[in-house]
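Me: I have just opened this structure and would like to learn how its terms are applied. Could you take me through a few of them?

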Amino acid sequence: MDLILQGIIKAFHLIVSFDPEVISITWLSLKISGTATLISLFVGVSVGVAVALNDFFGKRLVISIINTGMGLPPVVVGLFVTIMIWRSGPFGFLEILYTPYAMIIAQAVIATPIVMGISLAAIQNLPPNLRLQILSLGASRLQMVWVLVKESRLPLLAAVMAGFGGVISEIGASIMVGGNIKGYTRVLTTATVMETGKGNFDLAIALAIILLLLAFTINFLLTQIQQRQQSR
Amino acid sequence: MKIWSNIKRPFIFAAAFLFFISACDLNGSGQKNIILVTTTSTQDSGLLDVLIPLFEKNTGYFVKTIAVGSGQAMAMGQKGEADVMLVHSPEAEKKFVEEGYGVNRRLIMRNDFIIVGPADDSAKIKGVKSSAEALKKIAEACALFVSRGDYSGTHAKEKTLWKQAEINPDGQRWYQETGLGMGQTLNVVAEKKGYTLADRGTYLALKKTIPLEILVEGDAMLLNIYHVMEVNSKMWPKVNAAGARAFADFMVSKQAQEIIGKFGVDEFGSPLFFPNAGKKVEDLGK
């Protein structure tokens, strides 16, 4: 009980005193996971919409694969990304192992199927006649897609939240491809594990609380946007 | 205005994307990066947090420290995925150099291993002089022994000790493996009230939070020796040989050795590591 209290006090202290190390770790977490989420948003929504709107052979198989990907274990992604980008791997020439870029790639791979799966379901959930209606009003195919995406913006925002929540709290891939290098690839989750290993439980609790606050703040802001649009 | 409202959102996304990308700076070119693989004990004790910033300031290199068990560290070196290694698994290191993967193996520092356990000490090993004898007693009492189980230097040492005690602990009910680093393993041991082999540095660094006591120490078998090795760049052309050499040279330099000798004195009353650069392994502990 004492320890938890100490952790909370320490967290408060670290936040209000703008501890430079904690700030930089938090900022890095935000940058890496934010970028990864944005990438996954572009890829996920476009592929998700394309699959939802087109009928082709093997569509159910593709959807099953995407849905499986939504539960892709981060350590599996971490392992494969590591193998791809280490010096002797096929993408070794890029020399990006143990850099923030590698972490962005790994996290984007984790988040993309989540965004893809949710946006696919969102588009499929729209009334099928809506498409015909839009087209009959003289819209081009691209305009039709744009209207559909706009129509499903609520679940799409949920997809962003799910994707971001998945990668900001993820550790397996981050520690494998990032390496937890101080001031460079050390993010909130990897720092928490390391401080636990060092026996600095108060600092670990503090970092964990900051992580929770960060996730909450992002989701709160996104929810604000989502709900405001709904009530309109 | 109509067009703007249509492209507004993607535009904002693109702007944010560019912002995020630009905010991630590349730390120099490849030639300035060094990948150092080292053991969890040097990171968990905090020693590297003191040494590496100094090295970076002195030379302008950027060190990517990857803290893993000595076993994994050497596996990475073997594949040329690392440039320089700071490890403590002498037998495996010798083999590593003989097989041509590593060059320039140099002694850096030592501390010692200790056997730690709960204060009530159900296996009654406190004060036993020989570490193998102590392990025998633990086995006889069927007291819980927690192993790192991760092919780290500490794990290698532990296996040597079991061999000396002529006991095969694998699969025994009282023998558990964590597969974690030293710090985390000590936390597990403290929680389960078991025994384990630990390096003194990590134990001292964690002592304030874990109720474990040093039960066996001082045995010559328990010496813990750290060497620095450069990965052979003839075998792996991508290895940053110059950077590896610079780091190894720094570790044996007078400046680094002095810092190692003083590290931990303020906090723990005694140093966590003893600098030994330039000495012979055979002369240690005498």
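Me: What is Met76(B) in contact with, leaving aside its neighbours within four places in sequence?
Reply: Met76(B) is in contact with Val37(B), Glu81(B) and Ala82(B). Two residues are in contact if their C-beta atoms, placed from the backbone, lie within 7 Å. Val37(B) is 39 residues from Met76(B) in sequence, and their C-alpha atoms are 7.9 Å apart. A word on the source: this is a predicted model, where local features need pLDDT of at least 70, side-chain atom pairs count only at pLDDT 80 or more, and totals for chains, interfaces and linings use all residues. Residues are numbered from 1 along each chain as its sequence is written, while chains are lettered from A and ligands numbered from 1 in the order in which they are written.

Me: Why is Met76(B) called partly exposed?
Reply: A residue is buried with 20 or more other C-beta atoms within 10 Å of its own, exposed with 12 or fewer, and partly exposed in between (C-beta atoms are placed from the backbone). Met76(B) has 19, so Met76(B) is partly exposed.

Me: Where is the place of Met76(B)?
Reply: Met76(B) is in helix H4 (residues 70-78) of chain B. Helices (H or I, at least four residues) and strands (E, at least two) are DSSP runs, numbered from the N terminus.

Me: What makes strand E4 (residues 102-118) of chain B and E7(B) a pair?
Reply: Two strands pair if DSSP finds at least two bridges between them. These strands have four bridges, in the antiparallel sense. In E7(B), Asp199(B) stands opposite Phe113(B).
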